[in-house]
Amino acid sequence: MTVVAQTPAAAVDLPRLGVPRIVLLSSYWVALGFLWLPLGGQVIPIFVLHIVGDGLKGTGTAVLEAFGTLVAVFWQPVMGALSDRTHTRFGRRKPFIFIGTIGSMLFLGLMALTPQFGNATTTGPGALLAPAYLWLLLLYFLLQLSENAAQAPYQGLLPDVVPEEERSRASSFVGAGNLVGIGVGVVVVGTLMGMGRPDLALFTAAGALGLTMLIVVLLFSDKVPPAAGGRISWRELVVDTFRISPSKHGDFLWLMASRLAILVAVAGLQRYAVYYFKDVFYPGGGAALEEHASLAARDLQGVILGVAILVSLPAGELSHRIGRKPLIVASGILGAIGTLGLIGSPFHLLPDLATTPVAGLLGVPQTLAQAMYFGVLVGLAAGMFLSVDWAFMVDLIPHEESGRFLGFSNIATAGSGVLAGLLGGFLIDAFNARGNLLGQPGGYPVTFAVYTVFFILGIFAVLKVRETRRGGRSLPPPLATGH
């Protein structure tokens with residue numbers, strides 16, 4: 001493998017892919033969605049609960065997620081930049097996608113085959129130093145290392161093969177693919193966790209990664225050459241990767257700020273859904289209540305994701321006509337309203353006519369059924385955001401450095417998980433210990449109120465972005481004014 005210095009690459013005329021090949025190209029996003037959110041929202045919280053106990057479950061989850069995800073924040077941009085500069089007989093992206101995915105499958109398998117996650121009994125502050133917790137921490141760290149080494153080059157491969165005229169459609173399928181993966185993962189992983197089979201849940205995620213990796217590696221070309229030039233040192237590679245000039249790429253950085261804020265809210269709501277349902281709607285001890293909470297979290301996330309998938313494709317097509325920014329603003333507004341509704345879910349806010357059928361169908365309390373309706377708004381927000389976000393980023397970045405810039409975007413993506421976890425974990429533990437607020441343990445209304453603020457911050461940040469298409473073609477004047 002040869003690493004070469006980056007210089008501007010010549011424009012490449014790309015053949016049209018068509019919908020079937022865009023679907024296949026986006027399939028790896030399905031596996032990524034299947035992996036990360038169900039792992040962080042359904043598997044890891046239960047592992048941590050069994051290791052550290054109820055009193056430290058939020059802190060234990062936050063520390064683990066922060067440690068592993070901070071690696072991804074810095075590792076993915078470097079691997080994306082490295083793939084920009086790499087030359088092999090197999091292409092500049094595919095070797096990283098293949099090797100990284102194989103490593104991820106190995107670490108998921110080790111996690112699935114480790115029995116002490118369900119048997120550890122250490123509690124109290126010392127539980128964070130228990131061998132079972134430290135082993136889980138190590139495996140999660142290695143999983144982040146390997147999968148982000150694959151994900152950054154994969155993101156760079158997409159603009160390498162998708163022509164500009166198909167970018168909005170591809171963005172819709174990228175967003176929809178991620179949501180489909182999350183939706184299927186939530187149902188499959190949630191069901192397997194409800195059956196007490198985390199090993200099968202992890203093996204299934206590993207299988208999805210392997211299958212979709214083979215689809216991408218075997219069916220798509222990786223012929224865009226690295227930029228010509230001399231060799232570059234690893235030190236220069238690492239330093240230059242994070243040099244994004246605010247004067248030159250200010251719109252990209254504002255978009256990353258918006259991405260960070262909105263994804264903090266979305267990730268936080270997903271991550272602590274199991275704890276929320278357990279403490280608010282199924283309080284008390286016992287495996288049966290824990291399983292009810294896991295299934296309820298699965299149902300709510302299923303509602304959110306189902307709505308998001310339905311809206312993602314039409315939203316992507318709409319963004320090609322009216323622009324990306326209006327849809328991101330709308331997603332922030334809907335997300336904020338939906339999150340405020342979840343805060344009020346313990347109270348009867350909606351008429352029985354609306355909640356009784358859902359409660360009967362799912363076998364849940366009416367107040368929990370009410371949460372499903374607010375989940376629809378969060379689902380609309382997530383679908384609209386994810387359907388246009390990728391295309392918006394590609395519109396703003398230099399094509400020859402797509403691996404570096406799309407890898408850099410993981411600072412917002414992975415950073416949102418860290419920030420959501422740290423805020424939620426510590427706030428939930430601290431305010432739950434102080435008693436009830438608004439008819440529920442106090443940590444949840446406080447934490448969800450903070451996530452509402454992040455939705456609003458995302459709106460203000462995206463308003464700073466000047467929206468253009470590739471080649472500097474601005475949108476029609478009515479949409480361009482006031483930027």
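A crossing of two helices is called left-handed if the near helix is turned anticlockwise from the far one by less than a right angle, and right-handed if clockwise. The model used here is predicted.

**Exercise 1. Describe the overall make-up of the protein chain.**

Solution. The secondary structure of the chain consists of 18 helices and 4 strands. Among its 483 residues, 59% count as buried. Of the contacts with a separation of 6 or more, 84% are between residues 24 or more positions apart.

**Exercise 2. Determine how helix H9 is oriented to helix H12 and which residues make the contact.**

Solution. Step 1: the axes of H9 (residues 246-271) and H12 (residues 325-343) lie 11 Å apart and form an angle of about 25 degrees. Step 2: angles under 35 degrees count as roughly parallel, and H9 and H12 are therefore roughly parallel to each other. Step 3: the crossing of H9 and H12 is left-handed. Step 4: H9 contributes Leu255, Ser258, Ile262 and Leu269 to the contact, and H12 contributes Ile328, Ser331, Thr339 and Leu342. Step 5: by class, this contact of H9 with H12 holds 5 nonpolar and 3 polar residues, with no charged residues.

**Exercise 3. Carry out the analysis for H9 and helix H17.**

Solution. Step 1: H9 and H17 (residues 443-462) pack at an angle of about 160 degrees, and their axes are 8 Å apart. Step 2: angles over 145 degrees count as roughly antiparallel, and H9 and H17 are therefore roughly antiparallel to each other. Step 3: H9 passes H17 in a left-handed crossing. Step 4: on the H9 side the contact includes Trp254, Leu255 and Gly268, while the H17 side includes Phe448, Tyr451 and Phe454. Step 5: the contact of H9 with H17 has 16 nonpolar, 3 polar and no charged residues.

**Exercise 4. Classify the packing of helix H13 against H14.**

Solution. Step 1: the angle between H13 (residues 352-362) and H14 is about 105 degrees, with 8 Å between their axes. Step 2: angles of 65 to 115 degrees count as roughly perpendicular, and H13 and H14 are therefore roughly perpendicular to each other. Step 3: the H13 residues in contact include Asp352, Ala354 and Leu362, and those of H14 are Gln366, Ala369, Gln370, Met372 and Tyr373. Step 4: the residues of the contact of H13 with H14 divide into 7 nonpolar, 4 polar and 1 charged.

**Exercise 5. Check the span of helix H7 and state what its buried residues pack against.**

Solution. Step 1: at 1.5 Å a residue, the 22 residues of H7 (residues 198-219) should span 32 Å. Step 2: the end C-alpha atoms of H7 are 32 Å apart, which agrees. Step 3: the buried residues of H7 include Ala201, Leu202, Met213 and Val217. Step 4: these buried residues pack against helices H1, H2, H4, H5 and H6.

Conventions:
Residues are numbered from 1 along each chain as its sequence is written. This is a predicted model: local features need pLDDT of at least 70, side-chain atom pairs count only at pLDDT 80 or more; totals for chains, interfaces and linings use all residues. Side-chain values use heavy atoms; hydrogens and water are left out. Axes are lines fitted to C-alpha atoms, for helices over the stretch in contact, and angles run from 0 to 180 degrees between N-to-C directions. Helices (H or I, at least four residues) and strands (E, at least two) are DSSP runs, numbered from the N terminus. Contact means heavy atoms within 4.5 Å. Ala, Val, Leu, Ile, Met, Phe, Trp, Tyr, Cys and Pro count as nonpolar, Asp, Glu, Lys and Arg as charged, and the others, Gly among them, as polar. The expected span of a helix is 1.5 Å times one less than its number of residues. Buried means under 20% relative accessible area, exposed over 50%, partly exposed in between (1.4 Å probe, protein chains only).
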